[in-house]
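Subject: Structure handover

Hello,

I am passing this structure on to you. Please look it over first; my notes on what was found follow below.

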Amino acid sequence: MAVRAKKSTASAAKAKAPKAAAKSAPKTAAKTAAKSTAAGKAGATVTLRQIAAHIAEEHEMPKRQADLVLNNVVDVVVKHLRKGDRVRIGGLGILQVKKRAARMGRNPATGEAIKIKASKKVAFRAAKELKESI
């Protein structure tokens, strides 16, 4: 009669952990690749930093300097929008702050009437050139 010794659960878990990690790594990589290709089809999101890097490369300037210039442009645009100015960017469009009046709405869960306070929103109107290029 043969008696087999049982491995402790801790050592069994350690033995299985590398195998599980090895099995899940290709699956994780495949999921990441699938997500990136799906995002590529729908249109990837381009960040301000990526735009700065592209500008730096095109104009042979340091990335840090291009990043600072773009951040400064954003700051100036925000400053003018806060003052209530319209910001026209040639070839891109017009940014402006629009006021939304207070209104009555409904809570979708209960159907109860609620008052929605007045607010401001930033509106963007695309330029003709942008519309035609897309």
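Is the crossing of α2 and α3 left-handed or right-handed? The crossing is right-handed. Please keep in mind that this is a predicted model.

Some background on the whole chain. The protein has four helices and five strands. Along the sequence, these elements come in the order α-α-α-β-β-β-β-β-α. Of the 134 residues in the protein, 11% are buried. Among contacts with a separation of 6 or more, 30% are between residues 24 or more positions apart.

Back to the helix pair. Helix α2 covers residues 48-58 and helix α3 covers residues 63-83; the two pack at an angle of about 125°, and their axes are 8 Å apart. On the α2 side, the contact is made by Leu48, Arg49, Ile51, Ala52, Ala53, Ile55 and Ala56. On the α3 side, Lys63, Ala66, Asp67, Leu70, Asn71 and Val74 take part. By type, the residues of this contact are nine nonpolar, one polar and three charged.

Asparagine 71 belongs to helix α3. Its relative accessibility is 30%, so asparagine 71 counts as partly exposed. From asparagine 71 to alanine 52 the C-alpha distance is 9.2 Å, with 19 residues of sequence separation.

Next, the strands. Strand β3 (residues 103-106) and strand β4 (residues 113-116) run antiparallel and are joined by four bridges. Within this pairing, glycine 105 is opposite isoleucine 114 of β4. The hairpin of β3 and β4 has six residues between the strands, and glycine 111 there has a positive phi near 80°.

The last item is arginine 100, which is located in strand β2 (residues 93-100). With a relative accessibility of 37%, arginine 100 counts as partly exposed. Which residues does arginine 100 contact, leaving aside its neighbours within four places in sequence? They are Ala118, Ser119 and Lys121. Arginine 100 and lysine 117 are 17 residues apart in sequence, and their C-alpha atoms are 8.6 Å apart in space.

Regards

Conventions
Residues are numbered from 1 along each chain as its sequence is written. This is a predicted model: local features need pLDDT of at least 70, side-chain atom pairs count only at pLDDT 80 or more; totals for chains, interfaces and linings use all residues. Side-chain values use heavy atoms; hydrogens and water are left out. Axes are lines fitted to C-alpha atoms, for helices over the stretch in contact, and angles run from 0 to 180 degrees between N-to-C directions. A crossing is left-handed if the near helix is turned anticlockwise from the far one by less than a right angle, and right-handed if clockwise. Contact means heavy atoms within 4.5 Å. Ala, Val, Leu, Ile, Met, Phe, Trp, Tyr, Cys and Pro count as nonpolar, Asp, Glu, Lys and Arg as charged, and the others, Gly among them, as polar. Two strands pair if DSSP finds at least two bridges between them. Buried means under 20% relative accessible area, exposed over 50%, partly exposed in between (1.4 Å probe, protein chains only).
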